Amino acid sequence: MMPIYVINLERAAERRRKIGTQLDRLGLSYVLCQAVDGAQLDAQAVSALYDEVAATRDYRPLSRGELGCALSHLAVYRRMLDEGADRALVLEDDAAPGVDVPRVLRELERVLDPASPTVVLLSHVDKYTRWGRQSLDGQRHLVRRYGHWWLAHGYIVTRGAAERMLAALQPVWSAADFWAGFERRGIVRVRAVVPSCIGLTELAQTSYLEGGRVDLDTAEKSRRSIGYYLKRYLYQRFLHQILVRPFLRVARQRPPSQPPA
């Protein structure tokens with residue numbers, strides 16, 4: 001079985017206990033990886049680890065929490081390569097692995113080429129394309145990205161993808177879950193398992209980074225012109241619905257159920 005790396009802040013004891021209990025119930029061994037606390041980084045460290053110019057140009061400015069999160073995921077990729085793993089499951093400590101996760105991991109070990117730079121999301125994705133989907137176990141499919149996929153609380157990364165992301169994402173210039181941007185730049189291929197098998201616990205409602213992230217997203221949207229939103233509306237309302245979506249055979253996944261208590 002591929003290694004499982006759980007990202008957890010040292011001060012987040014309840015999250016550590018929660019994810020550990022869930023994985024123990026599934027009979028899955030895991031390794032705790034201490035997360036980088038962005039709030040504790042001094043100005044010199046931020047200057048060395050964060051490319052603010054590239055972030056502003058290619059993504060948007062990052063909060064300290066987002067920077068710490070991105071550095072934490074990069075540290076997992078580095079550890080994975082140092083330990084000689086061909087594939088790994090990366091979990092954040094608010095993940096809720098479903099009962100089918102062990103079976104899905106076995107299937108993906110069978111089909112994923114370690115040298116191929118592929119990331120597979122096991123979390124919920126809203127929309128995807130049916131073109132090129134691949135059956136895994138008769139119940140789930142490996143599907144291709146449609147639109148923007150976010151979140152990084154549960155995904156598989158191959159050795160090839162880890163190498164590519166370490167080379168392309170340092171110094172940090174984006175959030176850890178900018179999957180569409182990574183794929184557009186040719187860094188990795190992004191796929192998802194549908195139906196999803198990793199959700200979020202109630203602890204996700206008190207995320208260490210989402211508050212600052214929402215504020216920065218709102219600020220970024222406010223800077224965009226009316227023309228930007230008008231073009232986007234016309235594209236999505238008419239051209240996309242008439243020409244693009246039918247051709248791509250876009251499907252929508254049902255929303256995930258409520259997180260377990």
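Colleague: Where is the place of Pro171?

Modeller: A word on the basis first: this is a predicted model, in which local features need pLDDT of at least 70 and side-chain atom pairs count only at pLDDT 80 or more, while totals for chains, interfaces and linings use all residues. Residues are numbered from 1 along each chain as its sequence is written, and side-chain values use heavy atoms, with hydrogens and water left out. Helices (H or I, at least four residues) and strands (E, at least two) are DSSP runs, numbered from the N terminus. The peptide bond from Gln170 to Pro171 is cis, with omega near -10°, and Pro171 is placed in the loop between helix 6 and helix 7 (179-184).

Colleague: What is omega for the peptide bond that joins Val194 and Pro195?

Modeller: Pro195 sits in the loop between strand 9 (189-194) and strand 10 (198-200). The bond joining Val194 and Pro195 is cis, and its omega is about -5°.

Colleague: Leu151 is not a glycine, so to speak of its backbone, what is its phi?

Modeller: Leu151 belongs to the loop between strand 7 and strand 8 (154-158). Its relative accessibility is 35%, so Leu151 counts as partly exposed (buried means under 20% relative accessible area, exposed over 50%, partly exposed in between, with a 1.4 Å probe and protein chains only). Although Leu151 is not a glycine, its phi is positive, at about 75°.

Colleague: Let's turn to the protein overall. How many of its residues, in percent, count as buried?

Modeller: The secondary structure comes to 9 helices and 11 strands. Among contacts (heavy atoms within 4.5 Å) between residues at least 6 apart in sequence, 81% join residues at least 24 apart. Of the 261 residues, the share that counts as buried is 46%.

Colleague: Is Leu105 buried or exposed?

Modeller: Leu105 is placed in helix 5. Leaving aside neighbours within four places in sequence, Leu105 is in contact with Met1, Met2, Ile4, Leu89, Leu122 and Ile156. Its relative accessible area is 0%, so Leu105 is buried.

Colleague: How many Å apart are Leu105 and Leu122, C-alpha to C-alpha?

Modeller: Leu122 is one of the contacts of Leu105. The two are 17 residues apart in sequence, and in space their C-alpha atoms are separated by 9.7 Å.

Colleague: Are helix 4 and helix 6 oblique or parallel to each other?

Modeller: Helix 4 (residues 64-82) and helix 6 (residues 159-168) pack at an angle of about 130°, with their axes 9 Å apart; axes are lines fitted to C-alpha atoms, for helices over the stretch in contact, and angles run from 0 to 180 degrees between N-to-C directions. Angles under 35 degrees count as roughly parallel, over 145 as roughly antiparallel, 65 to 115 as roughly perpendicular and the rest as oblique. That angle therefore makes helix 4, relative to helix 6, oblique.

Colleague: How many nonpolar residues are in the contact of helix 4 with helix 6?

Modeller: Helix 4 brings Leu74, Tyr77, Arg78, Met80 and Leu81, and helix 6 brings Arg159, Ala162, Glu163, Met165 and Leu166. Ala, Val, Leu, Ile, Met, Phe, Trp, Tyr, Cys and Pro count as nonpolar, Asp, Glu, Lys and Arg as charged, and the others, Gly among them, as polar. The contact has 3 charged residues and no polar ones, and its nonpolar residues number 7.

Colleague: Which residue does Arg159 meet in a salt bridge?

Modeller: A salt bridge is a side-chain nitrogen of Lys or Arg within 4 Å of a carboxyl oxygen of Asp or Glu, and by this rule the count comes to 16. Arg159 lies in helix 6 and its partner in the loop between helix 4 and strand 3 (87-92), so the pair ties together parts that are 73 residues apart in sequence. At 28% relative accessibility, Arg159 counts as partly exposed. At 3.2 Å, N to O, the side chain of Arg159 meets that of Asp86.

Colleague: Which residues do salt bridges with shared partners join into one network?

Modeller: Arg103 meets Asp100 in a salt bridge at 3.5 Å, N to O, and also Asp137 at 3.3 Å. Arg103 is partly exposed at 31% relative accessibility, and Asp137 is partly exposed at 25%. The network joins Asp100, Arg103, Asp137 and Arg140.
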